[in-house]
Amino acid sequence: MSIKVTLRRILLWGLALWVLRAVDDATSFGKTWLFPLLPSAILSLTVDHFRALGATFLASLAAWVIGAGGGYVIALFVGAGRLGAQAPRHRFHLSLSEHFDRFFDWLYVIPLVLTLAMSYAVSMKLFLDYGMPKWLVSMAMVSVTGLALAGYTVYKCVVTAVVFAGDEHLFLAESLFIPGRALRVLRRARVRLVQVRRLRDFDIAVFAEALRRAFHLAVVSIVILETVTPAFYELVLPQGGVDKPWLGGVGKVVLRAQQTSNFELIAGCIWCVLFFDWIVVSIIDATLWRRWLRFQRKGVRP
């Protein structure tokens, strides 16, 4: 066997060993870093983790309903004030609606963490000094959370449709017949509310998108609430000094996992939140399509 052949075999064996070492390193990297970040990380979650996720999901749905519904109702009255402010004697309505609109803008600009901290402090003060029920404190926190982000999105969509409505939209909204009999003052207010709804209908695709985005923001805001106030759910389900792992929502679970660098647990929670958000938004899309969007000329079914 010549020296050249021997050197060639040595090089081939060395190359084979290097390839095997590279494959082993790549496999170890995947097992250690890549695989725990895949959707299979959901399998590492325990029953307590799924309970925490369930609490977060229920609170998110409540925040979306309260936030979107409350933002829409507030927008109806603010928009009605804008529509009824043309006459000089109604300038007070315009001033009131403008001030409320500015207040809502400030509430949105203030970081949500500060808003929640202030709301929690005020709610607990009412609980300690005036005996307000604990469940009412929880509902107040969910309401503030929903209105601060999700509600603002819906509110701003409707108010913008009124403030920036063109002359043709205003003329059409005022010219369509509005049935019903009532006292003069009540009928005037009802007519304005119906006109606001019609102006909203002119931008119904934008309003539908605001409802979808509001749910995304509701999930985000609830997780922030759970992170800021880990004992939030204990106001509804008091434990008598026992700290249950799931009673704090996914926000508390992620906080504990962050302290132990358990990124597989964090990834599993993230994938569950994404799947939940996708399922609910798909239901919202299907409902919006049947209710409004299928009548749009350029609407594409989700």
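Contact here means heavy atoms within 4.5 Å. This is a predicted model: local features need pLDDT of at least 70, side-chain atom pairs count only at pLDDT 80 or more, and totals for chains, interfaces and linings use all residues. Residues are numbered from 1 along each chain as its sequence is written, and side-chain values use heavy atoms, without hydrogens and water.

**Confidence**
- The protein chain has an average pLDDT (the predictor's confidence in each residue, from 0 to 100) of 80, and 79% of the residues score at least 70.
- Confidence is lowest in helix α1 (residues 3–34), with a mean of 65, and highest in helix α8 (residues 204–228), at 92.
- Helices are DSSP runs (H or I, at least four residues), numbered from the N terminus.

- Buried means under 20% relative accessible area, exposed over 50%, and partly exposed in between (1.4 Å probe, protein chains only).
- Beyond its neighbours within four places in sequence, Phe215 touches residues including Trp64, Phe276 and Ile284.

**Asp105**
- Asp105 sits in helix α3 (residues 91–109).
- Leaving aside neighbours within four places in sequence, Asp105 is in contact with Tyr152 and Lys156.

**Leu237**
- Leu237 lies in the loop between α8 and α9.
- Leu237 counts as partly exposed because its relative accessibility is 39%.

Methods:
Helix = DSSP H or I, 4+ residues; strand = E, 2+ residues; numbered from the N terminus.
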